[in-house]
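I open this notebook to record what I looked up, entry by entry, with the structure beside the page.

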Amino acid sequence: MQSGIGGKNIILRLEISIEQVKFGQLITLINDNGGDVIAIDVIRTSESVTVRDITVTFTDPTIIDRMLERIRQTPGVRVLSVSDRTFLLHLGGKIEMQPKVPIQNRDDLSRVYTPDVARVCMAIHEDQTNAFKLTIKRNTVAVVSDGSAVLGLGNIGPYAAMPVMEGKAMLFKQLAGVDAFPICLDTQDTEEIIRAVKQLAPGFGGINLEDIASPRCFEIEERLREELDIPVFHDDQHGTAVVLYAGLINALKVVKKSLAEVKIVVCGIGAAGVACTKILLSAGATNIVGVDKNGALSADQPDPHPMWEWYAQHTNPNRQKGSLSEVLRGADVFIGLSAGGILQREDVMGMNEDPIVFTMANPTPEIQPELIEDVAAVIATGRSDYPNQINNVLCFPGIFRAALDCRSGEINEAMKLAASEAIAGTIRPEELNRLYIIPGVFNEEAVQRVRQKVIQAAMETGVARRIPRDFR
């Protein structure tokens with residue numbers, strides 16, 4: 001059986017001995033173990049066996065394993081597969097490649113392949129920048145992962161990470177028209193990853209790094225940004241940071257506080273925590289305190305971790321020490337990028353008036369929002385079943401659409417800040433309230449606003465190498 005069956009509907013493919021098992025007895029067994037058979041399909045049959053797909057609904061998915069064990073113990077029945085709607089959606093992968101023009105005759109073949117394609121090859125050979133005009137490079141992003149830090153799953157490796165990367169490629173295409181392809185590397189060695197990405201870069205207009213564990217992700221991104229002439233963006237860091245800042249812009253409007261005046265506590269100083277802090281510092285925050293497993297990071301307590309050392313030197317101006325509960329007293333904003341259940345109601349009650357709580361650990365938030373609804377002025381999470389979801393989907397499609405359209409060689413800090421402001425600006429003043437500080441993930445206006453603002457920022461900072469027609 002595949003692990004992770006979690007839906008209320010499953011499809012059992014069973015091979016049943018006609019002589020040993022009466023089909024009605026099998027249905028009774030399923031019903032007696034909490035299942036409700038809603039469909040039966042015959043796949044194939046012979047004189048001795050029949051193979052059938054049985055669709056079963058459960059009110060309590062936790063009893064599925066028990067029911068399957070009873071079926072397996074039944075003589076004459078063999079469980080061939082177990083699927084739910086999610087597994088079926090992934091059969092054969094979720095993406096495919098399609099030609100833009102059909103090849104219908106020898107003339108077509110000669111123009112797209114040989115011999116006429118040689119003229120196009122030589123045009124690129126003479127001027128490498130022609131690859132952006134004459135190949136898929138102009139609209140293609142590589143979604144690169146080593147599977148070492150998949151959200152909510154951890155280090156599951158490159159094969160298991162592929163469904164996540166395929167899903168990201170789907171979002172790129174549907175939301176921004178970007179052709180993205182998942183590339184999962186079978187190595188977790190920093191130098192090998194850097195070398196592999198550099199070697200495949202000629203076919204892509206941008207690199208989206210995904211689910212690579214900290215601290216290796218910092219060096220990988222930094223080196224690739226320096227050594228490639230196409231934009232490199234680690235979405236776990238900067239995508240999270242962009243959307244978080246967008247949400248905070250509007251949350252501060254709700255409580256009528258300014259970024260420069262508030263005290264912000266960031267819990268969890270990994271890839272996302274560092275990136276969120278950097279964008280907030282760039283935007284004008286002056287009092288950020290980072291907290292990790294050993295308490296508050298402070299410049300007077302040197303840390304062997306290079307990124308934590310940088311963090312301590314650039315934050316915590318009052319050199320606060322202590323646990324999360326201690327440094328959170330008198331804070332205006334809590335940003336959680338750590339682990340579920342580590343924040344207590346009493347901690348939030350000790351914050352300043354009208355506290356803002358971004359509890360973004362997934363799948364379990366640092367504190368369940370319902371526990372602090374009457375205490376916090378604004379609450380945001382990383383989950384879709386609560387208001388104000390901080391979701392990177394609001395960011396990366398529009399940012400890469402912009403970078404590809406203006407052929408930017410990088411995604412700089414000004415472009416990230418512009419993306420945050422564009423996302424925040426999607427919500428009109430009359431719509432803004434404590435339960436609506438960030439647009440929904442399928443808000444089409446958000447992608448277009450991000451594209452416009454990011455291209456403008458790229459042009460103003462001199463990294464745009466092409467001016468799109470709608471900006472001329």
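I began with helix 9, whose buried residues I list as R216, C217, F218, I220, E221, R223 and L224. The model I am reading is a predicted one.

Next I asked what covers the buried residues of helix 9. The cover includes helix 8 (190–200), strand 7 (206–209) and strand 8 (232–234), and it also includes helix 10 (235–255), helix 11 (271–283) and helix 12 (306–314).

I then checked the length of helix 9, which runs over residues 216–227: at 1.5 Å a residue its twelve residues should span 16 Å, and the end C-alpha atoms are 17 Å apart, which agrees.

I turned to the backbone, keeping in mind that most residues other than glycine have a negative phi and that most peptide bonds are trans.

My entry on cis bonds has T114 joined to P115 with omega about 10°, where P115 lies in the loop between helix 4 (106–112) and helix 5 (117–126). I also noted a cis peptide bond from N362 to P363, with omega near 5°, and I found P363 in the loop between strand 13 (356–359) and strand 14 (378–381).

My entry on positive phi starts with N316, where phi is near 55°; N316 sits in the loop between helix 12 and helix 13 (324–328). Is N316 buried or exposed? I noted N316 as buried, with a relative accessible area of 0%.

For R407 I wrote down a positive phi near 50°, and I placed R407 in the loop between helix 15 (396–405) and helix 16 (413–425). R407 has 18% relative accessibility and therefore counts as buried, since the cut-off is under 20%.

Conventions:
Residues are numbered from 1 along each chain as its sequence is written. This is a predicted model: local features need pLDDT of at least 70, side-chain atom pairs count only at pLDDT 80 or more; totals for chains, interfaces and linings use all residues. Side-chain values use heavy atoms; hydrogens and water are left out. Helices (H or I, at least four residues) and strands (E, at least two) are DSSP runs, numbered from the N terminus. The expected span of a helix is 1.5 Å times one less than its number of residues. Buried means under 20% relative accessible area, exposed over 50%, partly exposed in between (1.4 Å probe, protein chains only). Contact means heavy atoms within 4.5 Å.
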